[in-house]
Amino acid sequence: MSGKLEYNKPKGESAELLNKYFLNKFRFGYVKCKDVVLPEYFTNFGDRIREMEIRADDIWVCSFPKTGTTWTQEMVWCIAHEADLKTAEEFLPQRFPFLEHSPLFDYRDLMSANPEITFPEFVLDSVGYINNYPSPRFVKSHLPFKLLPEQLQRNETNAKIVYVARNARDTCVSYFHHCRLMEGYKGGFEQFCELFLQGNVCFGPFWDHVLGYWEQRHSPNVLILTYEEMKKDLRSIIHKTADFLGKTFDDEQVAKLLDHLSFQSMKQNRAVNYEPVIEINKKYNLIEEDGSFMRCGKIGEYKEIMNPNLMDRFEEWEKENLTVRYYPATAIASDRVVDNVRERVFNDRSCFNLHLAKMETILVQFSSTHVGHANELAHIRLNDCKREPIIAAFDANVLVSDILRCHHQPPNGIG
């Protein structure tokens, strides 16, 4: 992992789309580093990030953009501070700084032309701000695992990482609106989807990002959550995260957090809703779009927005990334196994794909209404499995964070 980071320019149709729709007063170009798309200004920070000293009491919240990051940050902060909401009144980027804040927003030309404009250190040099921040540090990052500080990748200090993932299609929709509002994207939704599918939005490709952290799931210092789990049962996720952070909460504390972390509360909370940033963007004509950082918080919004052709493209893209590239040994299970799973676990036969990666992994795809049934799949085992299979469940590829290992014999009729 040693040596300086190397960069190259994006090429082809995606590069043309980036240059046409995604350049503005604070974004002047793009580079690729280890196949990850990043703003050109990242080249000033990449090696500093790689060489950062990681502390044992660091807590990192990592994610692909627009997967529930801010929600997870606020939850982690409040849990770590024993539900003392007074500590959460400070502006979130100040107390829980974003590692790539400065690389994303290059304000040097703007400040030279407008000396009256000033920005705080966590905006101008987010890496230096974090390096100098007193312990314990809480750090947000959208970098894929392979671009995190090397000490963090090697788990040298036992710092903790909470990673949150989300349905790829909802992520794309939310990221589109975010980029229009916060990052100066001027193109339409279909052009943005093209960039997203080709892995040419910032921090993409999406599946490389998700699967890079997924591969770290067995580390005792990594916790993987999903946006969908948080929406479905935030109480359980609070307890799960508290346990990961070595905290214990009573019912009164949990109730207080549930209220504080509700979508309506977060949307109205200026410490976390980024309204101050939107106001600055408007004041200095950095962004033309109107809107709110916390927009709707829905699961499945993509169904209202994507046309059938786009849905088909996403489905093919998901299959390619989850069953061909990442699971090259995938084989379709026997009809008997599929039928039994459908009948026993998905009584309405909503299971539309069951892929069994021979000898090692079971990948199940099913509708969002049946994410809760994933636990039942822990009983499924193939007769020819020589090792314990790991079960991963996706709702149109929503990663389920509970890693289920098969310690049980299969129920009658399965296997």
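**Salt bridges and a helix pair**

Being 4 residues apart in helix α19 (residues 308–325), Glu315 and Lys319 are separated by about one helical turn, and in this predicted model their side chains meet in a salt bridge with an N to O distance of 3.4 Å. Both partners are partly exposed, Glu315 with a relative accessible area of 31% and Lys319 with one of 28%.

This pair belongs to a structure that holds 16 salt bridges. Another of them joins the side chains of Lys247 and Glu82 at 2.9 Å, N to O; because Lys247 lies in the loop between α14 (234–244) and α15 (251–260), and Glu82 in the loop between α3 (69–80) and α4 (92–95), the pair ties together parts that are 165 residues apart in sequence. Lys247 is partly exposed at 24% relative accessibility, and Glu82 is likewise partly exposed, at 39%. In the salt bridge between Asp106 and Arg108, the closest N and O atoms are 2.9 Å apart; here Asp106 is buried, with a relative accessible area of 6%, whereas Arg108 is partly exposed at 44%. Elsewhere, Asp47, Arg50, Glu51, Glu150, Arg154 and Glu156 are linked in a network of salt bridges.

Helix α10 (residues 168–182) packs with helix α11 (residues 189–197) at an angle of about 120°, their axes lying 10 Å apart, which makes α10 oblique to α11. The crossing of α10 past α11 is right-handed, and the contact is made by Ala168, Thr171, Cys172, Val173, Tyr175, Phe176 and Cys179 of α10 together with Phe189, Phe192, Cys193 and Phe196 of α11. By class, this contact comprises 10 nonpolar residues and 1 polar residue, with no charged residues.

How values were computed. Residues numbered from 1 in each chain as written. Predicted model: local features only at pLDDT ≥ 70, side-chain atom pairs only at ≥ 80, totals over all residues. Heavy atoms only, no water. Axes fitted to C-alpha atoms, helices over the stretch in contact; angles between N-to-C directions. Helix = DSSP H or I, 4+ residues; strand = E, 2+ residues; numbered from the N terminus. Parallel < 35°, antiparallel > 145°, perpendicular 65-115°, else oblique. Left-handed = near helix turned anticlockwise from the far one by under 90°. Contact = heavy atoms within 4.5 Å. Nonpolar A, V, L, I, M, F, W, Y, C, P; charged D, E, K, R; others polar. Salt bridge = Lys/Arg side-chain N within 4 Å of Asp/Glu carboxyl O. Buried < 20%, exposed > 50% of the residue type's maximum accessible area, 1.4 Å probe, protein only.
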